[in-house]
Amino acid sequence: MRTLVLGGDGFCGWPSALHLSAHGHEVTIVDNFSRRRIDDELGARSLTPIRSLDERVQAWHDATGRDIGFAELDLAHDYDDLVDLLSTVRPDAVVHFAEQRAAPYSMKSPAHKRYTVDNNLGGTHNLLAALVQVGLDAHLVHLGTMGVYGYESVPVDLPEGYLTVRYPDRDGHEHTRDILYPTQPGSVYHLTKSLDQLLFQFYARNDGLRITDLHQGIVWGTQTDETVLDDRLINRFDYDGDYGTVLNRFLVQAAVGYPLTVHGSGGQTRAFINIRDTVRCIRLAVESGAEVSGRVRVMNQVTESHRISELADLVAQTLGATVDHLPNPRAEADTNDLSARNDQLLGLGLEPTKLAAGLLTESSDIARKYSDRIDHTLIPCTSYWNDRRRAEGTRP
């Protein structure tokens with residue numbers, strides 16, 4: 001299949017592009033390198049030394065003999081170039097990672113909020129409009145987030161996107177319909193993913209676009225079967241307070257003797273998935289595009305749920321770290337329960353990679369190997385959700 005991977009230079013996009021290529025897809029990466037520029041803005045860098053995309057693509061060819069194409073464009077602003085690319089490549093599938101992906105970054109300031117909305121919603125809508133304009137029957141696979149559901153304690157396994165509701169009409173007759181599960185975004189980033197859903201619903205209904213929306217949990221781990229083939233293929237490993245995902249941050253902190261930063265009580269429950277499963281899920285979704293027609297297919301891309309405090313204790317016990325509770329910069333409940341269904345991906349053949357000490361050690365070894373690249377001043381989270389949280393977090 002001819003497959004475009006939008007945002008293919010990023011943390012999830014790069015290993016997904018390699019995995020698709022390894023399984024016979026004709027892959028073209030589309031990126032504008034915004035994530036690398038954000039590194040410069042934040043004065044941060046990946047724990048792992050990532051090469052230029054040209055070097056990465058060459059290394060993949062050297063290791064496997066396979067070629068990956070590349071087009072540089074800004075999805076949110078280079079609409080004509082996007083139309084030309086779609087018309088030229090005529091992909092069978094488009095995988096959409098090209099969004100600003102960090103909740104803390106989206107809450108840093110009004111400018112960061114505006115950028116996240118402009119980039120994420122502008123890019124998604126441009127893509128949908130361009131697919132219609134070109135007349136492509138390409139299957140769109142979008143990486144969403146479990147965060148669109150919110151983090152309330154509801155005694156039910158979160159369904160995959162839709163909720164069946166019953167209601168009476170004015171004559172007292174009962175009707176049943178499926179609606180999108182009511183969203184409760186916890187940040188501007190999550191808000192854009194919630195609004196993406198409405199764009200997808202409209203274009204699927206109005207123009208017949210085939211769309212799969214993957215609600216992904218928090219990703220942990222760094223390497224996949226493909227990225228370990230050559231040091232030049234190594235994936236990103238973010239540990240800073242804006243882009244580092246919680247478990248990866250804990251692993252880095254443990255590796256350098258920094259207390260594990262648990263915000264608030266640590267009673268927040270989150271859904272997780274290993275990066276190796278992320279790439280498998282992307283491929284399974286892409287390759288099952290023939291099953292998608294009519295309404296948007298929503299799948300929960302998660303394998304397990306854990307409380308943050310329990311994760312911290314596991315890492316501390318496994319790697320000999322200490323735990324430090326800090327004020328929570330997020331406007332959220334101190335504790336919640338969370339469980340989600342993932343029947344569809346399991347039905348497509350996913351065999352989940354569960355949290356295990358061996359994989360923790362693998363990631364910890366990477367952290368130790370590159371520990372000289374860690375800037376301890378970047379570890380704390382300094383993005384606050386509102387003025388009250390900022391006051392609590394900066395109080396001496």
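Please note that the model on the screen is predicted.

Next, select Cys281. The closest cysteine sulfur is again in Cys12, 11 Å away, and this too is too far for a bond. Cys281 has 0% relative accessibility and counts as buried. A disulfide is a covalent bond between the sulfur atoms of two cysteines; the structure holds zero of them.

Now move to helix H8, residues 246–255. Ten of its ten residues are buried, so the helix is largely enclosed by the rest of the structure. Among them are Arg249, Phe250 and Gln253. Just after H8, select Gly257, which takes a positive phi of about 75°.

The tour continues with the aromatic rings, where the structure holds four pairs. Display Phe33 and Phe70: the ring centres are 5.5 Å apart and the planes meet at 40°, so this pair is tilted. It links distant parts of the chain, since Phe33 is in the loop between strand S2 and helix H2, whereas Phe70 is in strand S3, 37 residues apart. Phe33 is buried at 19% relative accessibility, while Phe70 is partly exposed at 33%.

Then select Phe202 and Tyr203, an edge-to-face pair with 5.3 Å centre to centre and 85° between the planes. Phe202 is partly exposed, at 37%; Tyr203 is buried, at 10%.

Finally, which ring lies under the charged end of Arg35? It is the ring of Tyr243, whose centre is 3.7 Å away.

Key:
Residues numbered from 1 in each chain as written. Predicted model: local features only at pLDDT ≥ 70, side-chain atom pairs only at ≥ 80, totals over all residues. Heavy atoms only, no water. Disulfide = S-S within 2.5 Å. Buried < 20%, exposed > 50% of the residue type's maximum accessible area, 1.4 Å probe, protein only. Helix = DSSP H or I, 4+ residues; strand = E, 2+ residues; numbered from the N terminus. Phe/Tyr/Trp six-rings, centres within 6.5 Å; stacked < 30°, edge-to-face > 60°. Lys NZ or Arg CZ within 6 Å of the ring centre and 35° of its normal.
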